[in-house]
Amino acid sequence: PNDIVLPAQWLVNTYGIPRYQEANPAIFAVVTFPFIFGIMFGDVGHGLCLMLGGLWLMANADELKFTTNENLKVFLIFRYMIAMMGFFALYAGLMYSEVVGVGVMLFDSSWKEPADLDPKAETWTLTNSGSIYPFGLDPAWHGATNELLFVNSMKMKIAVLFGVTQMLLGLALRFGNALYFRNWIDFFCECIPMTIFMICFFGYMDWMIMYKWVTPMKEPPSIINTLIGMGLGLEEKHPLYDGQSGVQSTLMVLTAISVPWILIPKPLILWWQHNSAQAHRYQELALDNELDPLGAAEMGGFGGGAGPGKVAAEEFELGEIVIHQLIETIEYVLGTVSHTASYLRTWALSLAHQQLSLVFLQKILLSQFGLPIGINGIAIYIGFALFANVTAGILLGMDVLECFLHTLRLHWVEFQSKFFKADGHVFVPLSMRSVLEADQR
């Protein structure tokens with residue numbers, strides 16, 4: 001692979017080698033990995049620093065490739081990914097309207113202060129002017145008493161939306177593998193029911209999230225309560241739309257049908273194929289015995305002995321196949337629930353990054369501005385130096401590594417488990433020198 005794909009391929013190979021001609025997750029990880037990282041690390045200032053670091057590595061790659069520093073060599077290999085991670089963190093920071101944890105007003109806010117605002121008031125209520133903030137989150141939410149309530153809800157929903165989308169991409173690649181290798185059993189007995197299960201429950205959940213965003217309602221129902229009621233077959237007291245109960249009943253029936261569809265047909269079809277293949281072999285051997293009985297007798301026939309004429313029974317344990325399919329079914333059904341919840345880590349890490357940035361800024365730097373004149377100049381100088389070091393060490397060091405590892409987990413487990421077998425072998429070209437050296441040993 002080239003320098004852009006190589007870091008993603010290394011990360012995939014660390015988990016497992018792709019099979020020959022199997023869909024390679026590294027191609028998609030080139031984009032999805034830095035994008036999900038950016039959702040977690042979203043901040044204009046920190047993302048800009050990370051992107052500039054990657055651009056510096058790209059600009060000086062020719063000089064740095066001769067370095068003896070092993071750590072710098074690793075960063076050099078990941079230079080394109082580092083630059084893209086910084087770019088997507090910068091983009092997510094613009095969407096969050098956050099620069100070093102502080103809200104930035106790029107456009108006029110759609111929330112207005114009251115005309116008779118008391119300057120001494122500690123809290124006040126903003127009113128919406130009816131306009132829409134052009135890009136990203138309205139910065140008026142930063143510092144509001146209900147900021148965490150609103151922002152957490154928004155980021156949690158965004159995390160679930162992107163999570164289900166990436167898992168559906170994994171199922172689409174599973175379809176691609178089944179079609180390419182003409183594995184029709186996997187296509188009809190795994191790919192289709194797995195997709196039905198995912199779309200009818202979690203895809204419907206994502207649709208409800210987006211529907212609530214664009215549809216004004218006086219009493220919007222809780223999506224979690226709606227999903228619980230959907231599973232228990234309860235009547236919705238505050239429906240999102242007309243005919244909701246009928247739609248949810250149909251989706252729940254399809255979801256329930258997909259589970260035995262994954263579990264039962266595949267072992268039975270494999271068992272039937274095995275018996276049919278064995279019967280066909282016996283028929284061919286019996287026909288050979290009729291045409292050449294003396295030759296067949298000399299070779300041991302097909303009734304006994306260990307001669308070439310004996311049909312070698314292929315090992316096929318139906319119980320083992322059933323147990324394997326049962327484990328795979330349970331893993332997929334329960335894993336789909338846990339994997340969807342696992343994407344909430346993108347919200348949690350984004351919240352932690354924003355709050356850490358804000359605390360460091362307020363406690364280390366901004367607190368120095370309140371000191372008496374004469375002292376505050378020295379305090380601000382020291383505070384800024386300390387703030388810069390803490391930002392570089394914790395937010396641009398430890399937090400980058402933390403977000404990187406969580407992004408890696410989402411790709412290895414939540415995404416790749418939908419289609420990736422990871423039991424291939426690395427291609428090693430033929431080398432006569434290696435063959436001769438091995439013989440000499």
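In the predicted model, Lys 155 lies over the face of Tyr 96, at 4.1 Å from the ring centre; a charge is taken to sit over a ring if NZ of Lys or CZ of Arg is within 6 Å of the ring centre and within 35 degrees of the ring normal. The structure is a predicted model, in which local features need pLDDT of at least 70 and side-chain atom pairs count only at pLDDT 80 or more, while totals for chains, interfaces and linings use all residues. Residues are numbered from 1 along each chain as its sequence is written, and side-chain values use heavy atoms, with hydrogens and water left out.

Lys 155 also forms a salt bridge with Glu 98, the closest N and O atoms being 3.8 Å apart, where a salt bridge is defined as a side-chain nitrogen of Lys or Arg within 4 Å of a carboxyl oxygen of Asp or Glu. This pair links distant parts of the chain, since Glu 98 is in strand S1 (residues 98-99) and Lys 155 is in helix H7 (residues 147-180), 57 residues apart. Helices (H or I, at least four residues) and strands (E, at least two) are DSSP runs, numbered from the N terminus. Glu 98 is buried, with a relative accessible area of 3%, and Lys 155 counts as buried at 6% relative accessibility; here buried means under 20% relative accessible area, exposed means over 50%, and partly exposed lies in between (1.4 Å probe, protein chains only).

Across the whole structure, the search finds 9 salt bridges. Side chains of opposite charge can pair when their charged atoms come close.

Aromatic contacts were examined next. A search of the whole structure finds 24 aromatic pairs, for which rings of Phe, Tyr and Trp (its six-membered ring) must have their centres within 6.5 Å, with planes under 30 degrees apart counting as stacked, over 60 as edge-to-face and the rest as tilted. The rings of Tyr 15 and Trp 412 have their centres 5.7 Å apart and their planes at 35°, so this pair is tilted. The pair links distant parts of the chain, with Tyr 15 in helix H1 (residues 6-15) and Trp 412 in helix H15 (residues 376-415), 397 residues apart. Tyr 15 is partly exposed, with a relative accessible area of 39%, and Trp 412 is partly exposed, with 21%. By contrast, the aromatic pair of Tyr 180 and Phe 181 is edge-to-face, at 5.2 Å centre to centre and 90° between the planes. Tyr 180 is partly exposed at 49%, and Phe 181 counts as partly exposed at 42%. Tyr 15 and Trp 412 also belong to one aromatic cluster with Phe 415, Phe 419 and Phe 420.

A disulfide is a covalent bond between the sulfur atoms of two cysteines. With the criterion of a pair of cysteine sulfur atoms within 2.5 Å, the count comes to 0 disulfides. Cys 49 is in no disulfide, the nearest cysteine sulfur, that of Cys 403, being 15 Å away; Cys 49 counts as partly exposed at 43% relative accessibility. The sulfur of Cys 191 is 9.7 Å from the closest cysteine sulfur, in Cys 189, which is too far for a bond, and Cys 191 is buried, with a relative accessible area of 1%.
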